[in-house]
Structures are given as structure tokens and as C-alpha cells.
Amino acid sequence: MAAQPDFGKELERLEAIVRQLETPDLDLDQALKLFEEGVERLRAARDRLNTAQSKVKQVLSDHAGTLKVDDLDA
Amino acid sequence: MDRPVDVSAMLDSAAPDGAWSVSAVNRRARAAIEQVLEPMWVEGEMTGLKEFGGNWYFSLRDSLSQLKCVMFRDDIRRLPAAPTEGMKVYAFGRATVYEKRGEFQLNVTRMMSTESGGLFRIAFEKAKAALAKDGILDRRRKPVPRYPRWIAVVTSVEGAVLRDIMSVTAQRWPVAQIAVIHTRVQGDGAVDDVVRALQLVQKLTKVDVAIVARGGGSKEDLQVFNEERVARAVAQVPVPVISAVGHETDVTLCDLVADVRAPTPSAAAEMATPDRDEVLSDLEHLGARLAGGLAHRVDRMDERLGRTADRLVSAVHRRMEVASYRLSVASGRLDALSPLGTLARGFAVPRDAGGRVLRRTGDFHTGDPFDLRVVDGTVKARVEGN
């Protein structure tokens with residue numbers, strides 16, 4: 001099973017960036033860095049959502065209890 | 001056994017020297033009864049149930065008569081539960097004579113309560129009580145994660161249930177992968193199968209949420225999901241379990257033990273996934289706030305920021321259009337942060353000729369001109385003294 005992006009964590013990070021950007025005392029350098037990070041993360045998240053394709057695997061277990069993962073065509 | 005009653009033999013035995021043996025009488029009686037009485041359904045009230053050697057011995061009665069009955073172990077095994085004393089039942093069997101004792105009896109092979117779901121209800125209540133005793137029914141329910149990556153689905157790979165779950169997931173949240181664990185959902189061996197499948201889910205460490213699903217069916221078909229062992233296996237799955245078994249009106253033990261109950265397999269898939277369009281719109285909203293947050297700072301930024309600034313500002317302005325609309329509607333948060341809001345409250349921003357904001361007394365030099373930005377425009381000012 002390949003590692004999947006954790007959207008919950010992604011969105012939490014984005015929320016945190018936005019909240020920081022909305023803090024009045026933030027200096028401009030930091031604001032710019034946060035903004036760029038935010039824009040990059042947003043773009044990546046949006047791309048992932050727009051291109052994702054759900055995959056279906058069948059999990060099988062042999063007599064010894066060893067797991068096997070097959071593609072399921074359905 | 002099916003030979004006709006031998007009338008001439010009966011006439012012979014009219015005198016003592018033609019007497020029959022006891023076993024011959026019983027054998028003939030049995031043959032006669034089995035010939036005349038076809039296997040049948042009998043309705044009666046259950047009484048005096050005793051178990052012996054795995055078999056049941058009891059009587060059925062009505063207001064006038066009693067009928068001795070026996071039910072054998074292999075047939076008993078197919079019943080969800082034992083009937084209780086006084087319960088009204090339908091019993092199917094063949095009337096016969098137990099030759100050894102000369103007893104007339106009904107050999108029962110099938111039985112059901114006359115009330116709908118009677119025996120199933122008994123089995124259900126019994127298993128439910130056992131689960132309640134162990135605290136499994138009121139265990140703490142795990143919340144379903146909002147953005148699942150792997151969804152385990154315990155169901156049969158045949159039939160519409162899996163297809164429904166797959167299509168809802170693909171539509172709503174294609175980011176998720178589905179791990180299907182096939183199991184038989186009814187018939188012999190299905191209980192072991194479902195338990196094994198649920199144990200397998202425990203080994204899938206990447207799974208975020210599990211769905212146990214089965215289409216609608218008769219009470220007997222759904223019985224697997226009323227088994228205590230299945231309910232216990234559900235409770236042991238470490239991730240949240242969504243149960244969608246049978247129709248909405250059928251509540252199984254599996255439903256009662258699961259973290260969430262869904263009325264249908266499709267609904268289970270909906271509960272397991274966020275809607276991609278909603279998440280995209282959340283992202284858009286975040287983008288607007290991001291832009292708004294920065295715009296607040298880069299407003300009239302000096303050229304030291306050069307091309308980076310130009311690029312950003314144009315990006316920011318594009319986003320600002322979205323932001324100003326969305327945010328004013330959605331939260332009003334930007335309004336509170338906007339410098340215009342602050343200016344409207346009577347504050348003013350002093351800037352020098354280069355546009356730099358004068359923040360501290362040290363930024364002001366006697367005689368210097370500066371611009372004072374107020375809510376509806378700018379006024380020219382000069383430092384009188386510092």
C-alpha cells in the first residue's frame with residue numbers, strides 16, 4: 001500500500017498558515033514565506049484532488065496468514 | 001414400511017394362538033402411521049423441553065391434547081435458539097411410532113415461532129445481553145476520520161453492495177483507496193468467514209476506516225450479522241467501523257456494536273468520505289484568506305521587493321477579488337482585519353514621501369511633510385515639532 005497524502009494534516013497546516021498570516025504583528029518576510037508555502041500547498045492539494053483516481057485492491061490471506069494484495073477489476 | 005396394512009394377518013391374530021409379538025405390533029403400528037400421515041406442519045405450544053445426548057424431547061400441546069416430539073441434534077443446530085416453555089411454535093416433522101417404547105411421536109426436523117422472528121428474537125436478545133454484560137454495547141465509539149486514505153470493505157465481492165461502495169467513493173473522494181476483504185455473507189461457514197475478514201482488517205495498519213456491508217435479505221439471511229462472535233469481532237477492529245447490513249429497518253447486532261450505523265452500503269461510503277467538491281471549495285476559501293492576509297501587508301509595498309512583489313501583487317489581486325467576496329460573506333474576518341475598517345474607526349496612517357509607514361516618534365522629524373491616510377483619502381501634513 002503506497003503512502004497516501006494525509007489531507008487532514010495538509011488542511012491543518014494550511015489553516016495554520018492562514019491564521020499566522022492574519023496575525024497583525026507578522027513581519028513582511030515571514031508573511032511572504034508563509035504566503036508562498038501556502039500557495040504551493042494549495043496548488044498541490046487542488047491538483048491531487050482533481051487528478052486522484054480511486055483504486056480498489058482485494059486483500060487475501062493464505063493459510064499461513066500471509067497477506068496478499070491483488071488488483072480487483074470490478 | 002410403505003407396504004399396505006395386511007388385513008388377513010390381522011384376522012389370523014384374532015385368536016390367542018395367532019398372537020403377535022410386541023415388537024411386531026409396534027412395527028406394524030409404525031408402518032401404518034407413517035403410511036397414513038405424511039410429514040406435516042404442526043402448530044402447538046411448547047412444553048417440557050429436555051435435552052438428552054444433544055437431542056430434544058418435548059411435547060406440543062393445545063387445549064385438548066399433547067403430542068410427544070423429538071428433535072435431533074443436526075436439526076437443532078440449524079435453529080437460532082431454543083424455544084422457551086409455553087412458546088407457540090410451528091414444527092415440521094413425520095409422525096411415527098418409537099418401536100422400542102411403543103410411543104407415538106413426531107420426529108421434528110424444522111421449527112419456528114408462530115410470532116414473526118420469534119426464535120431469532122430469542123437468539124438476538126441472548127447475544128445482546130452477553131455483549132452488554134461485557135460492556136461492548138456501550139463501548140466508546142470512535143469518530144470516523146474526515147479524510148480517509150484507505151477504506152477497508154468487508155463484504156462479498158459478488159453483488160451490488162461492493163459496486164455501490166466503490167462508485168460512491170470514486171465520485172466523492174477518489175483520493176481514497178479501497179481494500180476489499182471478501183467474505184461470504186450468508187449460509188454455512190459465513191460466520192467464520194466474516195470473523196476472519198474482520199480479524200484481517202486488524203492487520204491492515206494503513207486502513208483509516210472499515211465498512212461492513214451486506215444487502216437486504218430475510219431474517220435468516222441476516223442472521224450472520226446477529227451472531228455474537230461477529231459482533232465481538234467488529235468491536236475489536238482498531239479503526240472506526242461503519243455497519244451497513246440489510247435494509248434500514250433491520251437492526252443487527254453488528255449495527256449495534258459498530259461505531260456508526262449506515263442505512264445502506266452507499267450511505268456507508270458517504271459517511272466514510274468527504275465530498276471532493278466541498279473540500280475544493282474549502283481550499284478556495286483558504287486561498288482567499290491567504291491572499292487577503294498577505295494583501296493586507298503588501299498594499300503599496302515599495303519597489304525594494306522588485307519583481308517578486310510584482311508577481312505576488314498581481315497574484316494577490318487576482319485572489320483578492322475572490323477573497324473580498326467570499327470572506328465578506330463567509331466570515332467577515334477580513335473586514336475586521338482590513339486597514340479600511342481601522343481607518344473608518346478614526347485611525348489614520350502617516351506615510352513619508354516614499355510611502356513608508358511612520359510608526360514611531362523617531363520616524364517623524366520637525367518640518368518634514370508627510371501624508372496622512374484617512375478613511376476617504378489622503379491629507380498633506382507637516383511635523384510641527386518632535
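1. Strand β1 (residues 40-52) of chain B and strand β2 (residues 55-61) of chain B run antiparallel and are joined by six bridges. Within this pair, M46(B) sits opposite L60(B) in β2(B). Two strands pair here if DSSP finds at least two bridges between them. Strands (E, at least two residues) and helices (H or I, at least four) are DSSP runs, numbered from the N terminus.

2. A word on the source: this is a predicted model, in which local features need pLDDT of at least 70, side-chain atom pairs count only at pLDDT 80 or more, and totals for chains, interfaces and linings use all residues. Residues are numbered from 1 along each chain as its sequence is written, while chains are lettered from A and ligands numbered from 1 in the order in which they are written.

3. The β1 and β2 strands of chain B belong to a closed barrel of five strands, β1-β2-β3-β5-β4, with mixed pairing. From one strand to the next the twist averages 50 degrees (axes are lines fitted to C-alpha atoms, for helices over the stretch in contact, and angles run from 0 to 180 degrees between N-to-C directions).

4. What flanks β8(B)? Strand β6 (residues 150-155) of chain B runs parallel to β8(B), with four bridges, and A152(B) stands opposite A210(B). Strand β9 (residues 241-245) of chain B is also parallel to β8(B), through five bridges; there I211(B) faces I242(B).

5. Now the contact between the chains, which takes 36 residues from chain B and 33 residues from chain A (in contact means C-beta atoms, placed from the backbone, within 7 Å). Eleven residues, the largest share of chain B's side, come from α11(B). That side divides into 23 nonpolar, five polar and eight charged residues. Ala, Val, Leu, Ile, Met, Phe, Trp, Tyr, Cys and Pro count as nonpolar, Asp, Glu, Lys and Arg as charged, and the others, Gly among them, as polar.

Methods: Two residues are in contact if their C-beta atoms, placed from the backbone, lie within 7 Å.
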